[in-house]
Amino acid sequence: MLNDIPRSPPHRHGPAPRTADVVLDLLGQTAVDGAAVSVFAGTAGDLVYATDDIAAQIDELQFVLGEGPTVECFRRLRPEVHHDDASDHGADEWPTFAADASALEVRSVHAFPLVIDSVPLGVLTVYIKNSRGLTPEEERICVRCARSLVSYVLTDLTRTPYLATGPYGFSRADVHIASGILAARHTMTIDQALRSLQSDARAQHRRITVLARDVIADHTETNTT
């Protein structure tokens with residue numbers, strides 16, 4: 001479904017350098033292929049860091065669809081880990097997400113909550129390109145990583161402006177701006193505008209961030225000509 005940007009190697013640059021260091025250390029200790037960290041306000045998640053474009057797209061897919069292991073992990077405040085044939089479980093639980101993830105050549109996605117004193121902050125999501133679950137040791141490493149990430153994510157969010165730019169960092173700021181533009185244009189609420197944008201992204205098989213930038217560009221051009 002989503003392939004608007006080329007693949008790239010894991011990076012340390014961007015608006016969340018401390019978070020990046022912890023996540024890249026996780027990749028060095030396990031055989032997972034990539035990872036992402038997102039924070040949530042209510043039920044809406046925003047990407048803080050992703051190791052690569054595939055991890056970013058997996059995160060964005062769940063934002064658009066409202067389903068998947070990251071969403072479920074945050075809702076239930078528990079890890080979404082499946083050791084046996086993880087891809088089949090995903091197909092049963094989240095059929096649309098599983099199909100779109102498969103199109104990205106991803107077969108296994110697992111998620112771990114970031115929690116502060118029993119209050120959910122966000123989710124660490126890891127993906128694997130083949131149909132296998134995490135090993136017990138990999139699961140333990142991911143759990144430790146999620147625990148340590150809490151302080152680093154908070155530090156990055158405190159020291160970095162929300163609209164900071166960088167690869168895969170705070171990538172949905174444009175979505176929120178575009179939702180405001182659509183809400184004003186069509187006399188609807190922000191939530192209604194966001195749902196409309198999500199629906200258009202699904203219908204057009206486009207990344208919601210790309211669609212949002214088109215809305216902003218159209219608005220800017222209209223108001224400057």
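The following exercises, each with a worked solution, concern a predicted model.

**Exercise 1.** Determine in which sense strands β3 and β4 pair, and over how many bridges.

*Solution.* Begin by locating the two strands, of which β3 covers residues 108-116 and β4 covers residues 119-128. Next, follow the pairing between them, which is antiparallel and extends over 9 bridges. As an example of residues that face each other, take H110, which stands opposite V126 in β4. Finally, look at the turn of this hairpin, where 2 residues lie between the strands and D117 has a positive phi near 50°.

**Exercise 2.** Find out how many of the 10 residues of β4 are buried, and which residues of helix α5 are buried.

*Solution.* A residue counts as buried when its relative accessible area is under 20%. By this criterion 8 of the 10 residues of β4 are buried, and the strand is mostly covered. Turning to α5, which spans residues 95-103, the buried residues are F97, A98, D100 and A101. After this helix comes E105, whose phi is positive, near 65°.

**Exercise 3.** Decide how helices α2 and α8 are oriented to each other, and name the residues that make their contact.

*Solution.* First identify α2 as residues 53-65 and α8 as residues 190-204, and note that they pack at an angle of about 120° with their axes 9 Å apart. Since angles of 65 to 115 degrees count as roughly perpendicular and those over 145 as roughly antiparallel, the two helices are therefore oblique to each other. Their contact is made by F63, V64 and L65 of α2 together with L194, Q198, A201 and R202 of α8.

Conventions
Residues numbered from 1 in each chain as written. Predicted model: local features only at pLDDT ≥ 70, side-chain atom pairs only at ≥ 80, totals over all residues. Heavy atoms only, no water. Buried < 20%, exposed > 50% of the residue type's maximum accessible area, 1.4 Å probe, protein only. Helix = DSSP H or I, 4+ residues; strand = E, 2+ residues; numbered from the N terminus. Pairing = 2+ DSSP bridges. Axes fitted to C-alpha atoms, helices over the stretch in contact; angles between N-to-C directions. Parallel < 35°, antiparallel > 145°, perpendicular 65-115°, else oblique. Contact = heavy atoms within 4.5 Å.
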